[in-house]
Amino acid sequence: MTGRRRARSDRADRGDATPADTSLSLSEARRIALAAQGFATPRPRRSPVADDLVGMVRRLGLIQIDSVNVLVRSHYLPGFSRLGSYESSLLDGVAYANQGRALFEYWGHEASLLPIELQPLLRWRMERARAGVGIWAGVARLGRERAELCESVLAEIRARGPIGVSDLKGAGRRRAGWWGWSEGKVALEWLFWTGQVTTHSRRRFERVYDLTERALPSEVISAPTPAPEDAQRRLLRIAIRALGVATERDLRDYFRLTTTDASARIAELVEEGALRPVAVEGWRAQAYLDPAATMPRRVVARALLSPFDSLVWERQRTERLFGFRYRLEIYTPAKRREHGYYVLPFLLGDRLVARVDLKADRPKRALRVVRAHCETDADPERVAPVLREELELLADWLGLERITVSRRRGFIESLR
């Protein structure tokens, strides 16, 4: 179907029928969601190129950045999950290169890489940050109480060019809390949040900041600033395109809109016909369908997912769609962890069938499988060989020479 949900028959892959009812089975909702996230499209047989990565981010609207590096930085994983092995330098090139830059960093979901053309849609958030709204309390307080420091840091960047916090003159001592941030670092974050500076590049993951007007293309800087309401509607359109079918909570979470803003804009989009109210089997909340969503007859994906992948980052939605209860246990004491420290869900077909706790042991050039669990409704004998193949692809992509599997009992034994 084009512009409407596909006919609710599993007998056809494509069609233009408009369903008379407004309900979806859970299986249909899953397939719609997976197609929207790019998992119904086969990975390219050739090596992915930069345009493939940019197209993926534009399809998703953003990818989340996270500092944990026990396996690989999270923002590199969505490309591997959807496109297969690619050169990670390609993502760095489109995110940070001065020439041909296609992505930029800002607070989208959390810290995120976003298509560069979305920068005007987030200027309302930057303006609110200047007023201390929607910003971390400590950063807002410094921006309010130490305006002269922020101006001094901005002047230093203007005069010296791109700098990291370690390059700042008189940045101040590191302190407890705020991850040991100095006042200079907090000032940089205030300037970043308010849009006056942006990430020029990264140096061993440390942000290197520059003036936004120098780091981003002139056509982005000169683009008109839409009214907040218009920008929020466009962000929600991107969110529903990336989700396929979603509740209000899912939609507002995608770009972290407030309840007040999201509720008003969703009502407007329903009236415009840009969101179609539907009921989804087993969901208590009202759901909304992308009128342009596709629903493949079946999904044959296989993918290891970052804990911060947009398919699973909203944990309640993950449970509603897949019956998969997923919690990040990084901050859980080791003895109390149920599944492990850095656990990746494994997508097979249209279900999340297993989860694996992984670590890249770089000195030994090994991918370590610390723990592995198969879901109770999945067939371990079917899952294990496919998961093993995906782990081999992951190890090869990371430049690791072998896979080591811990000597635990249960499903993990079948991965040896």
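## Arginines and their neighbours

Arg204 lies in the loop between strands β5 (197-203) and β6 (206-211). Helices (H or I, at least four residues) and strands (E, at least two) are taken as DSSP runs and numbered from the N terminus. Arg204 has a positive phi of about 50° although it is not a glycine. That deserves a look, because most residues other than glycine have a negative phi. Arg204 counts as exposed because its relative accessibility is 75%.

Before going on, a word about the model and its rules. The structure is a predicted model, in which local features need pLDDT of at least 70 and side-chain atom pairs count only at pLDDT 80 or more, while totals for chains, interfaces and linings use all residues. Residues are numbered from 1 along each chain as its sequence is written, and side-chain values use heavy atoms, with hydrogens and water left out. Buried means under 20% relative accessible area, exposed means over 50%, and partly exposed is in between (1.4 Å probe, protein chains only).

Arg256 also has a positive phi, near 55°, in a residue other than glycine. This arginine sits in the loop between α12 (248-254) and α13, and counts as partly exposed because its relative accessibility is 36%.

### Charges that pair

Side chains of opposite charge can pair when their charged atoms come close. Here a salt bridge is a side-chain nitrogen of Lys or Arg within 4 Å of a carboxyl oxygen of Asp or Glu. How many salt bridges does a search of the whole structure find? The search gives 34.

Glu183 and Arg146 form a salt bridge, with 2.6 Å from N to O. This pair joins distant parts of the chain, 37 residues apart: Glu183 is in helix α8 (residues 183-193), and Arg146 is in the loop between α6 (137-145) and α7 (147-160).

The side chains of Glu272 and Arg237 also meet in a salt bridge, at 2.7 Å from N to O. Again distant parts of the chain are linked, with Glu272 in helix α13 (residues 259-272) and Arg237 in helix α11 (residues 228-243), 35 residues apart. These two belong to a network of salt bridges that links Asp230, Arg233, Arg237, Arg265, Glu268 and Glu272. Asp210 and Arg214 make a further salt bridge, at 2.7 Å from N to O.

| Residue | Relative accessible area | Class |
|---|---|---|
| Glu183 | 31% | partly exposed |
| Arg146 | 27% | partly exposed |
| Glu272 | 46% | partly exposed |
| Arg237 | 40% | partly exposed |
| Asp210 | 4% | buried |
| Arg214 | 38% | partly exposed |

### Charges without a bridge

Arg73 is found in the loop between β2 (63-64) and α3 (77-83). Is this arginine buried or exposed? Arg73 is buried, yet has no salt bridge: the nearest side chain of opposite charge, Asp66, is 7.1 Å away. For such counts, Lys and Arg are positive and Asp and Glu negative, with His and the chain ends not counted. Contact means heavy atoms within 4.5 Å. Leaving aside neighbours within four places in sequence, Arg73 is in contact with Asp66, Ser67, Val68 and Phe205.

On the surface, Lys359, Arg362, Lys364, Arg368 and Arg402 gather in a patch of positive charge. A charge patch joins like charges within 9 Å, using residues with over 30% relative accessible area and no salt bridge. Arg402 lies in strand β14 (residues 402-405) and counts as partly exposed because its relative accessibility is 42%.

### Two covered places

His339 lies in the loop between α14 (315-322) and β11 (343-348). With a relative accessible area of 15%, His339 is buried. Not counting residues up to four places away in sequence, His339 touches Glu329, Arg355, Asp357, Arg371 and His373.

Now back to α8, the helix that holds Glu183. Ten of its eleven residues are buried, so α8 is largely enclosed by the rest of the structure. Among the buried residues of α8 are Val186, Leu188, Trp190, Phe192 and Trp193. What do the buried residues of α8 pack against? Their partners are β3 (103-107), α5 (123-130), α6, α7, β5 and β6. Just after α8 comes Gly195, with a positive phi of about 85°.

Conventions: Patches are made of residues with over 30% relative accessible area and no salt bridge: like charges are joined within 9 Å, nonpolar side chains (Val, Leu, Ile, Met, Phe, Trp, Tyr) within 5 Å. Accessible areas come from the Shrake-Rupley method with a 1.4 Å probe; for residues, only the protein chains shown count as cover. The place of a charge is taken as NZ of Lys, CZ of Arg, CG of Asp or CD of Glu.
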